[in-house]
Amino acid sequence: MPKKLLLLPPLSASSTLRAPRARPAARPAMNAARTGYRVFSANSTAACTELAKRITERLGAELGKSVVYQETNGETRVEIKESVRGQDIFIIQTIPRDVNTAVMELLIMAYALKTACARNIIGVIPYFPYSKQSKMRKRGSIVCKLLASMLAKAGLTHIITMDLHQKEIQGFFSFPVDNLRASPFLLQYIQEEIPNYRNAVIVAKSPDAAKRAQSYAERLRLGLAVIHGEAQCTELDMDDGRHSPPMVKNATVHPGLELPLMMAKEKPPITVVGDVGGRIAIIVDDIIDDVESFVAAAEILKERGAYKIYVMATHGILSAEAPRLIEESSIDEVVVTNTVPHEVQKLQCPKIKTVDISLILSEAIRRIHNGESMAYLFRNITVDD
């Protein structure tokens, strides 16, 4: 049978051919595209904003407009002077001597940015405060864990820091932590600024610092020495709270319970494991605060024949009488980075030298904002570094 053709009705005079209506383009989701970023300083003093200015200069950006000040009653007030909606915000906070004020400035600024609808709030804290209080001591508390919780509650979503006192501190946070290393800059200083560094030996002022010293020695292909038996107590020697309940005279003991007695520690005479005679001694550590132990180590090394002594550390807190003690000691030079402002101490003691680490911090900011891998900043870094 012949196939039937489907005939369309004729067009009327009034009817016209119309092109199909184009669908309106879908609106992009809010904040779907990568937004801009701003860099703020959480401290208004000139010494603390110096590092922030160096970082923004390297990034080719301007420092965000904000006001941070203390009122007459001691309360901290923060005012953000520009829109931050939908942007990545980096807060740079260096820790001066007034640690608690610096912490409150950081918390209040983070919360102000959170309420202003910032997309991400990243704290750039080169020296993380309270990092020495990361273990239980007697009936104290782990303050570092408390601070991590406070930062998360205030609105921080990421932290960039440098050479944490204990790497396990990263586990206190509920968000990512990038623990950068200052050792490449200090190693470069040794190679470029210390004459005849090939005749040097890397020194750990206590067995606790031996891993860090070993890392420096292996990278520089130098010898290693360890000072053992110093008089001051190290962190591992402190009570950790497991002596509770306290000892009571004539205390009754369960008749069937006889625990072995733990022998008390007795430090051996001070010895230097390794040859430092006729060599340059380079003492390395992560923090130099109270310098008595470094001064004592320098005296021992002088007695053992070292003819020049350097001290190198990431964080130069240099509290109390540190500049005077360094100036009067056998130490020839103290090299620290600018994670902590110490311009006043440098004026008091010309032996103190500074290494700038703004380069690695600015690169970390750029990579995080652009969503790039941070692996380049950790190349050749091992677990023990």
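1. Strand β7 (residues 177–180) is covered on both faces. V177 and N179 lie on one side, D178 and L180 on the other, and all are buried. Note that this is a predicted model.

2. The partner to look at is strand β6 (residues 158–162). β6 and β7 pair in the parallel sense, over 4 bridges. Within that pairing, I160 stands opposite D178 of β7.

3. The structure holds 2 cavities of 30 Å³ or more. The largest cavity has about 40 Å³ of space. The second largest cavity also comes to about 40 Å³.

4. Which residues line the largest cavity? The lining consists of I95, A102, V103, L106, I125, F128, P129, L147 and L151. Two elements, α2 (99–115) and α3 (143–154), each give two or more residues to this lining. The most comes from α2, with 3 residues. By class, the lining has 9 nonpolar residues, no polar ones and no charged ones.

5. The second largest cavity is lined by D163, L164, K167, N179, R181, R212 and D385. What classes make up this lining? It has 5 charged residues, 1 polar and 1 nonpolar. The nonpolar count for the largest cavity, in turn, is 9.

6. One residue links the points above. N179 is buried on one side of β7, along with V177. N179 is also one of the residues lining the second largest cavity. Anyone inspecting β7 can view the strand pairing with β6 and this lining together.

Note on methods:
Residues numbered from 1 in each chain as written. Predicted model: local features only at pLDDT ≥ 70, side-chain atom pairs only at ≥ 80, totals over all residues. Heavy atoms only, no water. 1 Å grid on protein atoms, 1.4 Å probe; cavity = no way out; pocket = protein on both sides within 12 Å on 5 of 7 lines; lining within 4 Å. Points joined across faces, edges and corners; volume = space filled by probe spheres on them. Nonpolar A, V, L, I, M, F, W, Y, C, P; charged D, E, K, R; others polar. Buried < 20%, exposed > 50% of the residue type's maximum accessible area, 1.4 Å probe, protein only. Pairing = 2+ DSSP bridges.
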